[in-house]
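Hi there,

Here is the structure I promised to pass on to you. Have a look at it first, and then read on for what turned up.

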Amino acid sequence: MVDAAVAKVCGSEAIKANLRRSWGVLSADIEATGLMLMSNLFTLRPDTKTYFTRLGDVQKGKANSKLRGHAITLTYALNNFVDSLDDPSRLKCVVEKFAVNHINRKISGDAFGAIVEPMKETLKARMGNYYSDDVAGAWAALVGVVQAAL
């Protein structure tokens with residue numbers, strides 16, 4: 001299942017181009033992007049807060065150092081994914097390593113999919129007029145790789 005999801009992403013020049021182009025914008029401020037993504041997750045899917053109790057009060061945003069650290073770590077993982085788009089075996093292994101952390105917290109592929117809509121909103125906010133449904137679809141496909149690994 002992971003192999004098919006990886007092949008879908010790595011085998012599509014359009015998906016890879018959309019991921020790289022949008023990551024160029026998102027990575028300009030990795031911390032702010034990660035915090036926005038997490039904030040959007042908690043706003044759009046408040047039920048997901050139960051997965052993050054170890055971080056304390058997530059409503060504090062940047063003032064919460066544990067949430068801030070998680071947001072930074074998350075965006076560096078995304079950076080690693082984007083850097084691996086031309087090497088399917090590398091993308092698979094970095095995604096599988098990322099998945100281990102979520103498996104240990106009993107986060108299923110379906111539960112992880114809750115990030116798709118918050119990612120879309122983060123893309124809209126960070127990219128402005130450069131946002132497109134194709135960009136959101138590319139990120140949904142990448143999330144699908146993680147879901148397949150879970």
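To begin with the surface: the protein exposes about 7600 Å², and carbon and sulfur atoms supply 52% of that area. Please keep in mind that this is a predicted model. Of its 150 residues, 45% count as buried.

**Overall build**

The protein has eight helices and zero strands, so its pattern along the sequence reads α-α-α-α-α-α-α-α. Along the principal axes, the C-alpha trace spans about 40 × 35 × 20 Å. The radius of gyration is 14 Å, which agrees with the value near 15 Å that a compact globule of 150 residues would have. Among contacts between residues at least 6 apart in sequence, 71% join residues at least 24 apart.

There is also an annotation to pass along. An unreviewed UniProt entry carries "domain: Globin" for residues 10-150. In the model, that span is 70% helix and 0% strand, and its end C-alpha atoms lie 19 Å apart.

**The nonpolar core**

The largest nonpolar core holds 50 residues, and the members that touch the most others are Val 9, Leu 19, Met 38, Phe 81, Leu 91, Leu 123 and Trp 139. Seven helices each supply at least two residues of this core: H1 (2-10), H2 (13-26), H3 (30-44), H4 (65-83), H5 (88-104), H7 (116-127) and H8 (133-149). The largest share, eleven residues, comes from H8.

Beyond the residues up to four places away in sequence, Leu 123 touches Ser 22, Leu 26, Gly 128, Tyr 131, Val 135, Ala 136 and Trp 139.

Is Ser 22 buried or exposed? Ser 22 counts as buried, because its relative accessibility is 0%, and the cut-off for buried is under 20%.

With neighbours within four places in sequence left aside, the contacts of Thr 122 are Leu 26, Thr 33, Met 36, Leu 37 and Asn 40.

Phe 98 is found in helix H5 and is buried, with a relative accessible area of 11%. Which residues does Phe 98 contact, leaving aside its neighbours within four places in sequence? They are Leu 74, Ala 77, Phe 81, Phe 112 and Val 146. Taking Leu 74 from that list, Phe 98 and Leu 74 are 24 residues apart in sequence, and their C-alpha atoms are 9.3 Å apart in space.

Gly 113 lies in the loop between H6 and H7. At 19% relative accessibility Gly 113 still counts as buried, because the cut-off is under 20%. Apart from neighbours within four places in sequence, Gly 113 is in contact with Val 143 and Gln 147. Gly 113 and Val 143 are 30 residues apart in sequence, yet 6.9 Å apart from C-alpha to C-alpha.

**A loop residue with positive phi**

If you check backbone angles, stop at Lys 106. Its phi is near 60°, a positive value in a residue other than glycine. Lys 106 lies in the loop between H5 and helix H6 (109-112). At 72% relative accessibility, Lys 106 counts as exposed.

For Cys 10, the nearest cysteine sulfur is that of Cys 93, 11 Å away, and a disulfide here needs the two sulfur atoms within 2.5 Å. Cys 93 is likewise in no disulfide, and its nearest cysteine sulfur is that of Cys 10.

Happy browsing, and do write back with any questions.

Best wishes

Note on methods: Residues are numbered from 1 along each chain as its sequence is written. This is a predicted model: local features need pLDDT of at least 70, side-chain atom pairs count only at pLDDT 80 or more; totals for chains, interfaces and linings use all residues. Side-chain values use heavy atoms; hydrogens and water are left out. A nonpolar core is a set of buried Ala, Val, Leu, Ile, Met, Phe, Trp, Tyr and Cys residues joined through side-chain atoms within 4.5 Å. Buried means under 20% relative accessible area, exposed over 50%, partly exposed in between (1.4 Å probe, protein chains only). Helices (H or I, at least four residues) and strands (E, at least two) are DSSP runs, numbered from the N terminus. Contact means heavy atoms within 4.5 Å. UniProt positions are given in the numbering used here, feature names are shortened, and annotations may be inferred rather than shown by experiment. The radius of gyration is taken over C-alpha atoms; the globule rule is 2.2 Å times the number of residues to the power 0.38. Accessible areas come from the Shrake-Rupley method with a 1.4 Å probe; for residues, only the protein chains shown count as cover.
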